[in-house]
Amino acid sequence: MLYYLLYPLRDVWHVFNVFKYSTFRSIYAALTAILICFIIGPYVIKKLKTLHFGQSIRTDGPKSHHVKSGTPTMGGIIIIFAIVISTLLWAKLDNRLVLLALTSLVWFGSVGAIDDLLKITKKNALGLSMRTKVIGQLIGAFGIGMYLYVNPQVVEFATHIKIPLVKYPVNFAYLYVPFIMLVIIGASNAVNLTDGLDGLAIGTFIFTAMSFVIVTYIVGHSKFSEYLRIIHVSEASELVVFCASMVGASLGFLWFNAYPAQVFMGDTGALALGGALGTVAVLIKQELLLILIGGIFVIEALSVILQILSFKLYGKRIFLMAPLHHHFELSGWAEPKIVVRFWIITIICTLLSLSLLKLR
């Protein structure tokens with residue numbers, strides 16, 4: 001919005017020419033998102049407390065979590081609001097990729113909000129049935145996939161997938177839509193599964209989203225993408241603003257979610273952030289790189305899958321409890337230590353993943 005208001009004034013005062021650059025606008029998008037969180041955060045937390053929107057804690061989980069019962073949840077609305085407003089202010093609103101990313105954020109956030117509301121009204125940690133939740137996610141991911149498939153001009157090499165270390169992209173043809181549905185839904189649920197300790201999911205997401213700010217900029221820059229021989233997506237430069245908004249909103253939310261948390265993001269925030277991240281990876285043709293950058297999210301999701309398979313097939317559990325962060329809790333690790341160490345692993349994953357952009 002500000003681009004359309006201020007950039008035309010460049011002929012009056014040349015300083016307004018900076019609004020031409022997505023890099024400039026992305027910085028202020030991040031700062032705006034942080035500021036919005038700081039402003040509305042205390043009010044939203046107070047309102048959630050007034051409405052008794054408290055978190056229900058699993059009875060079979062670590063006993064140390066019982067003191068968190070009643071902590072306001074659905075704080076993800078702070079994140080979503082900050083991202084949406086910041087993006088609308090600083091991005092070009094005629095950019096289809098930005099609109100798709102915003103749609104994904106709001107859709108998956110809505111699914112999460114319904115889940116959170118049911119948990120609150122039922123006074124338990126179950127919420128939506130797994131089947132219903134997955135159907136909601138399938139609808140959102142299918143809509144995005146079909147839009148890209150039917151409109152191949154939106155993203156260059158629409159049905160092609162860039163495989164790290166492989167020089168040329170691979171055409172998935174008719175398998176493209178199911179594949180990206182798997183990416184988006186997988187990312188959404190992986191972030192949600194990681195959201196179990198104060199600051200764990202949101203902190204991990206910050207580093208992941210920061211790396212996607214870099215990758216998105218490279219993909220949207222014709223010379224950089226040509227040099228690195230990765231698929232160039234001409235409209236991707238505006239997604240830098242959206243990614244920066246996600247970083248800013250996450251940083252702002254971490255202020256309230258750091259140990260001991262004043263508020264939890266709930267499924268409202270976790271499903272929204274994961275879905276948006278998966279969508280960005282799809283839009284910039286870096287679906288497989290997401291697996292590497294979001295290594296912690298993948299590990300957390302795999303720990304749950306392995307735990308379920310092991311118990312069903314052999315009647316034994318691999319971990320003391322899944323997701324993996326609970327295993328370390330029950331092993332005696334302090335919650336802040338687990339969170340910081342997972343952040344460190346995420347930083348390592350992002351650095352290694354970014355190096356793959358050069359290797360081919």
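In this predicted model, Pro260 sits in the loop that links helix 9 to helix 10 (266-283). The peptide bond between Tyr259 and Pro260 is cis, with omega at about -10 degrees. A cis bond also connects Ala322 to Pro323, where omega is about 0 degrees; Pro323 belongs to the loop between helix 12 and helix 13 (324-330).

His52, found between helix 2 (22-50) and helix 3 (76-90), is not a glycine, yet its phi is positive, near 60 degrees. Lys285 is likewise not a glycine and has a positive phi of about 65 degrees; its loop runs between helix 10 and helix 11 (287-293). Their surroundings can be read from relative accessible area. His52 has 59% and so counts as exposed, the cut-off being over 50%. Lys285 has 0% and is therefore buried, a label given to values under 20%.

Turning to the helices, the axes of helix 7 (residues 200-220) and helix 9 (residues 239-257) come within 9 Å and cross at roughly 165 degrees. The crossing of helix 7 past helix 9 is left-handed.

Finally, the surface carries a nonpolar patch of about 730 Å², made by Leu302, Ile305, Leu306, Leu309, Leu313, Tyr314 and Ile318. Leu302 lies in helix 12 (residues 295-314) and is partly exposed, at 43% relative accessibility.

How values were computed. Residues are numbered from 1 along each chain as its sequence is written. This is a predicted model: local features need pLDDT of at least 70, side-chain atom pairs count only at pLDDT 80 or more; totals for chains, interfaces and linings use all residues. Side-chain values use heavy atoms; hydrogens and water are left out. Patches are made of residues with over 30% relative accessible area and no salt bridge: like charges are joined within 9 Å, nonpolar side chains (Val, Leu, Ile, Met, Phe, Trp, Tyr) within 5 Å. Accessible areas come from the Shrake-Rupley method with a 1.4 Å probe; for residues, only the protein chains shown count as cover. A salt bridge is a side-chain nitrogen of Lys or Arg within 4 Å of a carboxyl oxygen of Asp or Glu. Helices (H or I, at least four residues) and strands (E, at least two) are DSSP runs, numbered from the N terminus. Buried means under 20% relative accessible area, exposed over 50%, partly exposed in between (1.4 Å probe, protein chains only). Axes are lines fitted to C-alpha atoms, for helices over the stretch in contact, and angles run from 0 to 180 degrees between N-to-C directions. A crossing is left-handed if the near helix is turned anticlockwise from the far one by less than a right angle, and right-handed if clockwise.
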